[in-house]
Amino acid sequence: MNRPRRGVAKSEQTGESREDAPTAEDERAPYGLRSRKKIAASIPIEVAKQQEDTALSAKPENEQRAIVTRLPEFPDEVFSIVFEFYVEDYYGSPWTLMHVCRRWRTTATHARRLWSRIMVTQAIPRFYEPWEPSRRYLNYEVCHREHLLRDALARVASGPLDIRLAFTTAEHGIYRPEADILGRGLIEVLRSEKAYLRIRCLEATRTSEAWLEHATFEEFEFPSLQRAILLTGSKDLVTRIQSTASRLQNLDLTQNGVDPFNWNLSPLKYLTDLRLTKYGRPAGDGGFRMIASARHLVNLILNLVNISTRETLSIPTLQRLNLWLSQIDVPLDLPQLQILSLNNSTIFTTKECPLTFPSLVTLNVEGCKLDGLFYIAPQLHTLSISQISDISKPPRKSRFSIMLEQVVKSGFLSSRRLCLSRVSMDSKLLVEMLREMPQLEEIEIGDGVPLQMVFFEAVGGCRILAKKTSEHREPVCTQLKSFRVSLHGIRKEATETAMLRWSHMAVQARAEGKYPLEQAFLKEKNSIRWVSMLEPTST
């Protein structure tokens with residue numbers, strides 16, 4: 001048994017410092033009390049460590065608090081800019097901002113751009129709760145009563161306005177005989193306040209045509225109007241815009257099936273964008289005179305429009321033409337056209353002479369029909385074909401084979417970029433097409449394009465065996481720099497797996513045959529990213 005040595009202090013024997021050593025009073029105290037005192041002496045040290053850890057963990061929160069505490073130092077102009085971005089969101093409303101504090105309420109009230117979008121209607125648009133009317137709808141301030149419209153115009157003061165007319169004689173399917181009186185009262189407010197002088201954008205497509213036919217806009221003038229979305233049924237409104245909107249730049253006109261497109265657009269010197277949509281069988285020439293009168297058009301969109309005439313449609317400034325479900329049978333003179341899009345069963349024909357597009361850069365063909373049309377486009381860069389199904393059986397020619405013949409005859413084979421998507425075709429026909437395009441630099445196989453081995457053998461310039469390539473020869477498109485293949489939309493899993501293997505083997509074969517690619521990407525079925533087949537990095 002070890003006993004303490006004589007003449008040696010107990011603190012030295014236990015290894016304790018003199019400061020921590022028990023005093024004479026502690027020696028006389030019971031053992032349990034001495035333990036509690038020792039524990040109490042160590043508590044301040046542990047508390048200090050905990051406070052230090054808490055301060056370190058709360059540092060980001062303190063920084064956020066510092067930023068929040070500096071918000072009152074920001075000027076009102078900064079708040080106005082932030083509020084404008086907030087209101088651009090679908091659910092963003094300035095009324096929410098006005099409930100935060102007094103300063104935000106004052107700033108939002110005097111920010112004109114927050115209140116510049118106004119919907120004038122007799123009905124009350126509602127959100128999810130049918131019993132709770134909303135002040136905002138589609139980022140518009142809803143004004144269904146005269147006093148609300150006056151207050152909204154007062155907030156905007158002398159700033160520009162975006163007005164949407166949504167008049168109707170029914171609310172939630174229920175006929176309201178007083179709707180005509182309310183509508184006339186709202187129109188009278190716009191007239192008395194002279195708000196029409198500050199209208200920058202006017203939309204009147206969601207309006208009952210019967211109501212608009214009886215509405216009068218005699219004193220209205222639109223010197224600040226830049227964009228108009230209208231129905232041809234509102235004759236008085238259309239006439240006033242045609243005669244007074246001298247700064248109109250964008251016009252979207254929808255025909256109701258009765259009135260023809262008979263505008264004279266020559267006085268509108270700033271009109272650059274025109275969109276025509278018709279329903280039914282309109283009278284007149286389908287808008288030919290109207291389009292020809294616009295001498296400064298840059299973008300033209302025709303939807304459900306049928307134009308057939310022997311006269312030549314000449315627009316020297318047009319750069320983009322987009323056709324949807326339309327039938328165009330007219331000679332065209334478009335020397336500056338750069339982008340041509342033919343979509344959704346569009347019928348594009350000409351029987352007199354071939355069409356010449358000397359400046360055409362991009363051609364998008366999506367599910368349309370070309371009948372006897374021969375294009376000449378020497379500067380074509382991108383040819384995009386989609387939604388062409390090869391479903392017909394011999395001896396009839398397939399839709400893609402007909403498209404291929406037209407492409408070969410048209411002069412489009414000079415393009416440097418080819419994009420295919422949602423196309424069902426014979427790979428041999430595609431290879432024949434590529435052999436006629438030696439200058440092609442980019443090939444993009446988009447979603448829903450199943451391809452056979454013969455295509456990848458032609459691109460790689462080899463014969464693909466089970467695990468390797470052999471018989472290297474010159475590939476098609478010797479100047480090819482970029483190659484992309486997407487495996488999305490491939491219905492058969494076996495075809496998808498084979499295309500995955502063939503793509504890598506074709507890229508490797510081009511590198512071995514001294515025709516390397518600068519870019520080669522693959523997008524697998526369950527991925528949204530393009531993965532490089534040349535290196536492990538991805539984009």
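## Basis of the model

Helices (H or I, at least four residues) and strands (E, at least two) are DSSP runs, numbered from the N terminus. This is a predicted model: local features need pLDDT of at least 70, side-chain atom pairs count only at pLDDT 80 or more, and totals for chains, interfaces and linings use all residues. Residues are numbered from 1 along each chain as its sequence is written, and side-chain values use heavy atoms, with hydrogens and water left out.

## Overall make-up

The protein has 16 helices and 30 strands. Of its 539 residues, 43% count as buried. Buried means under 20% relative accessible area, exposed means over 50%, and partly exposed lies in between (1.4 Å probe, protein chains only).

The accessible surface comes to about 30400 Å². Carbon and sulfur atoms hold 51% of that surface. Areas come from the Shrake-Rupley method with a 1.4 Å probe; for residues, only the protein chains shown count as cover. Among contacts (heavy atoms within 4.5 Å) between residues at least 6 apart in sequence, 51% join residues at least 24 apart.

## Helix 8 and its cover

Helix 8 spans residues 146–156. Its residues Leu-149, Ala-152, Leu-153, Arg-155 and Val-156 are buried. They sit on the same side of helix 8, because they cover an arc of only 155° around the axis. The arc is that of the directions from the helix axis to the C-beta atoms. An α-helix has 3.6 residues a turn, so residues three or four places apart point the same way.

Several elements cover these buried residues. Among the helices are helix 6 (94–97), helix 7 (102–110) and helix 9 (179–192). Among the strands are strand 1 (117–120), strand 3 (140–143) and strand 4 (161–165). Ala-157 follows helix 8, and its phi is positive, near 60°.

Phe-74, Val-78 and Val-82 form a nonpolar patch on the surface. Together they have about 230 Å² of accessible area. Patches are made of residues with over 30% relative accessible area and no salt bridge; like charges are joined within 9 Å, nonpolar side chains (Val, Leu, Ile, Met, Phe, Trp, Tyr) within 5 Å. Val-78 lies in helix 5 (residues 76–87). Val-78 counts as partly exposed because its relative accessibility is 37%.

Asp-76 meets Arg-103 in a salt bridge (2.9 Å, N to O). This pair links distant parts of the chain: Asp-76 is in helix 5 and Arg-103 in helix 7, 27 residues apart. A salt bridge is a side-chain nitrogen of Lys or Arg within 4 Å of a carboxyl oxygen of Asp or Glu. Asp-76 is partly exposed at 37% relative accessibility. Arg-103 is partly exposed at 28%.

## Further salt bridges

The structure holds twelve salt bridges. One of them joins Arg-191 and Glu-219, with the closest N and O atoms 3.9 Å apart. This pair links distant parts of the chain: Arg-191 is in helix 9, and Glu-219 is in the loop between helix 10 (209–214) and strand 8 (227–231), 28 residues apart. Arg-191 is buried, since its relative accessible area is 15%. Glu-188, Arg-191 and Glu-219 are linked in a network of salt bridges.

Arg-289 forms a salt bridge with Glu-311, the closest N and O atoms being 2.8 Å apart. Here too the pair links distant parts of the chain, 22 residues apart. Arg-289 is in helix 12 (residues 288–293), and Glu-311 is in the loop between strand 12 and strand 13 (313–314). Glu-311 is partly exposed, with a relative accessible area of 36%.

## Asn-264 and its contacts

Asn-264 lies in the loop between strand 9 (250–254) and strand 10 (273–277). At 40% relative accessibility, Asn-264 counts as partly exposed. Leaving aside neighbours within four places in sequence, Asn-264 is in contact with Gln-242 and Ser-293. Asn-264 and Ser-293 are 29 residues apart along the chain, yet their C-alpha atoms are separated by 6.0 Å.

The side chain of Asn-264 also makes a polar contact with the side chain of Ser-266 (2.9 Å). A polar contact is a pair of N or O atoms within 3.5 Å; within protein, one must be able to donate a hydrogen and the other to accept it, and residues adjacent in sequence count only if both atoms are side-chain atoms.

## Positive phi in loops

Leu-304 is in the loop between strand 11 (299–303) and strand 12 (306–308). Its phi is near 60°, a positive value in a residue other than glycine. Leu-304 is partly exposed, with a relative accessible area of 27%.

Lys-514 is in the loop between helix 16 (493–512) and strand 29 (519–523). Phi of Lys-514 is positive, near 65°, in a residue other than glycine. Lys-514 is exposed, with a relative accessible area of 75%.
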